[in-house]
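Please look over the sequence and the structure shown here before reading on.

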Amino acid sequence: MLALNPITPVTLRGEHVTLEPLAASHLDGLREAVADGQLWELWYTTVPTPDQMPAEIERRLTLQLNGKMQPFTVRRNDTGAICGMTTYMDIDTANRRLEIGATWTAASAQRSGINTESKLMLLQHAFDTLECIAVEFRTHWMNQQSRTAIARLGAKQDGVLRSHRIMADGSLRDTVVFSIIAPEWPAVRSHLLYKLGRSSA
């Protein structure tokens, strides 16, 4: 079996949003974006505070150097403002799999089509360029908003990993695992393009 095509920093541009390779120079914009909605206050998510953002950028860039992550900064096309972060993570080149995760979006950019278009571009690059055979999504059992959003993409639930991780507050996270496999990608792509065309994402 051929391994996953090489994963290198790439800029993905859409109608509403641009995904740029994460850089240290994005710090101020990311601090402002994460404060939009105080996203770190949701106990079942792992989102950095503005003060934690320098360390989070360094963590993601270090994982990139080690071949474990390809991090992106999410930028709105209408205003040019940074509005979030997302990544390819848990990259398994031998088995041609990766996860789309470590994602957060500023409150003002939610329910705007930005997340749907971001996922469309990430999935398109993963399946059509990197030649993945499967792309995963994972989230906390308690994060109903995330679970619903992932299902709306067209991903199917594979199962639940019980007591999978220890959260910062000491609680145990049950992780819900979803995936899209390569044969499903054409239908998922048509579904996402239809959603964006209706501006209902």
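What follows covers the core, the salt bridges, a pair of helices and some backbone details.

This is a predicted model, in which local features need pLDDT of at least 70, side-chain atom pairs count only at pLDDT 80 or more, and totals for chains, interfaces and linings use all residues. Residues are numbered from 1 along each chain as its sequence is written, and side-chain values use heavy atoms, with hydrogens and water left out.

**Core**

In soluble globular proteins, nonpolar side chains tend to be buried together. A nonpolar core here is a set of buried Ala, Val, Leu, Ile, Met, Phe, Trp, Tyr and Cys residues joined through side-chain atoms within 4.5 Å. Buried means under 20% relative accessible area, exposed means over 50%, and partly exposed lies in between (1.4 Å probe, protein chains only). The largest nonpolar core has 46 residues. Y88, L98, W104, L123, V135 and F137 have the most contacts inside this core. Helix α3 (residues 114–129) gives the largest share, 7 residues. Helices (H or I, at least four residues) and strands (E, at least two) are DSSP runs, numbered from the N terminus.

Contact means heavy atoms within 4.5 Å. With neighbours within four places in sequence left aside, the contacts of L98 include L4, I7, Y88, A126 and V135.

**Salt bridges**

Side chains of opposite charge can pair when their charged atoms come close. A salt bridge is counted when a side-chain nitrogen of Lys or Arg lies within 4 Å of a carboxyl oxygen of Asp or Glu. By this rule there are 9 salt bridges.

| Salt bridge | N to O distance |
|---|---|
| R76 and D78 | 2.9 Å |
| R189 and D128 | 3.5 Å |
| E184 and K156 | 3.4 Å |

In the pair of R76 and D78, R76 is buried at 18% relative accessibility, whereas D78 is exposed at 58%.

R189 and D128 form a salt bridge. This pair links distant parts of the chain, with R189 in helix α5 (residues 185–197) and D128 in helix α3, 61 residues apart. R189 is partly exposed at 27%, and D128 is partly exposed at 40%.

E184 and K156 also meet in a salt bridge. E184 lies in the loop between β8 (172–181) and α5, and K156 lies in strand β7 (residues 156–166), 28 residues apart. K156 is partly exposed, with a relative accessible area of 46%.

Salt bridges also link E56, R59 and R60 in a network.

**Two helices**

The axes of helix α1 (residues 27–35) and helix α2 (residues 53–65) come within 10 Å and cross at roughly 115 degrees. Axes are lines fitted to C-alpha atoms, for helices over the stretch in contact, and angles run from 0 to 180 degrees between N-to-C directions. L27, L30, R31 and V34 in α1 meet M53, P54 and I57 in α2. The residues of this contact divide into 6 nonpolar, no polar and 1 charged.

**Backbone details**

Most residues other than glycine have a negative phi, and most peptide bonds are trans. D90, not a glycine, has a positive phi of about 45 degrees. D90 sits in strand β4 (residues 82–92) and is partly exposed at 46%. E131, also not a glycine, has a positive phi of about 60 degrees. E131 is in the loop between α3 and β6 (134–140) and is partly exposed at 39%.

Technical notes. Nonpolar A, V, L, I, M, F, W, Y, C, P; charged D, E, K, R; others polar.
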